[in-house]
Amino acid sequence: MNRRSVVRLCGSAAVAAAVVLAGLPAWGAGPAGPDRSHMVERRVGDGHALRDAGWGGVQIQVVHLSPDAVPSAARTLLGRYPLDRYTIFLVSLDTHAGDLSGYDMAALSELVAAGKTYAPVRWEGIAESSHHRLGALIFPRVDLPADLVIRAVGGVAARTFRWLP
């Protein structure tokens, strides 16, 4: 991971400079922790939507649904998948080149919480096209913190969206 990636991830040149000047290692894969090069995170109190940097030419935005954050596009889902029984993420994929329709989002996604990995119950497509997709990943109910991992989209091995309590 190069310094430019650290700046992009941190959103602050001052933080990146402090890491470099202090001689601290950049985030990396391996026993020390997850590969943070394709990770975005936020505390729930700071908002529910996370958007990545568009790695691999595909930008992904994820909204963690909660009783106080349900976009209108997802309201009809709650009748079938109530939030007291399911954890739901509204996922938007956008690209200007390539075809997004071939990605099996249920097969490419997993939720990690409390040391356990969960497969989605299903992917519920809301608006599907080759350049723009909107749908919901529906998982069994878990508590935060939780990591939504989406693999192999746009040639990126894994993107991790982390919500902290």
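**Getting to know the fold**

Modeller: The protein chain has three helices and ten strands, where helices (H or I, at least four residues) and strands (E, at least two) are DSSP runs, numbered from the N terminus. This is a predicted model, where local features need pLDDT of at least 70 and side-chain atom pairs count only at pLDDT 80 or more, while totals for chains, interfaces and linings use all residues. Residues are numbered from 1 along each chain as its sequence is written, and side-chain values use heavy atoms, with hydrogens and water left out.

Biologist: Which order do the elements of the protein chain run in?
Modeller: From the N terminus on, they go α-α-β-β-β-β-α-β-β-β-β-β-β.

Biologist: What's the order of the strands in the open sheet?
Modeller: Five strands line up as 2-3-4-8-7, with antiparallel pairing; two strands pair if DSSP finds at least two bridges between them. Strand 2 and strand 7 (122-128) are the edge strands, each pairing on one side only.

Biologist: How many bridges join strand 3 to strand 4?
Modeller: Seven, and strand 3 and strand 4 (residues 86-95) run antiparallel.

Biologist: What about the hairpin of strand 2 and strand 3, how many residues sit between the strands?
Modeller: Six, and in that hairpin Gly 54 takes a positive phi near 80°.

Biologist: Is strand 3 mostly covered or mostly open?
Modeller: Mostly covered: five of the seven residues in strand 3 (residues 58-64) are buried. Buried means under 20% relative accessible area (1.4 Å probe, protein chains only).

Biologist: Switching topic, what share of the 165 residues in the protein chain is buried?
Modeller: Buried residues make up 36% of them.

Technical notes: Buried < 20%, exposed > 50% of the residue type's maximum accessible area, 1.4 Å probe, protein only.
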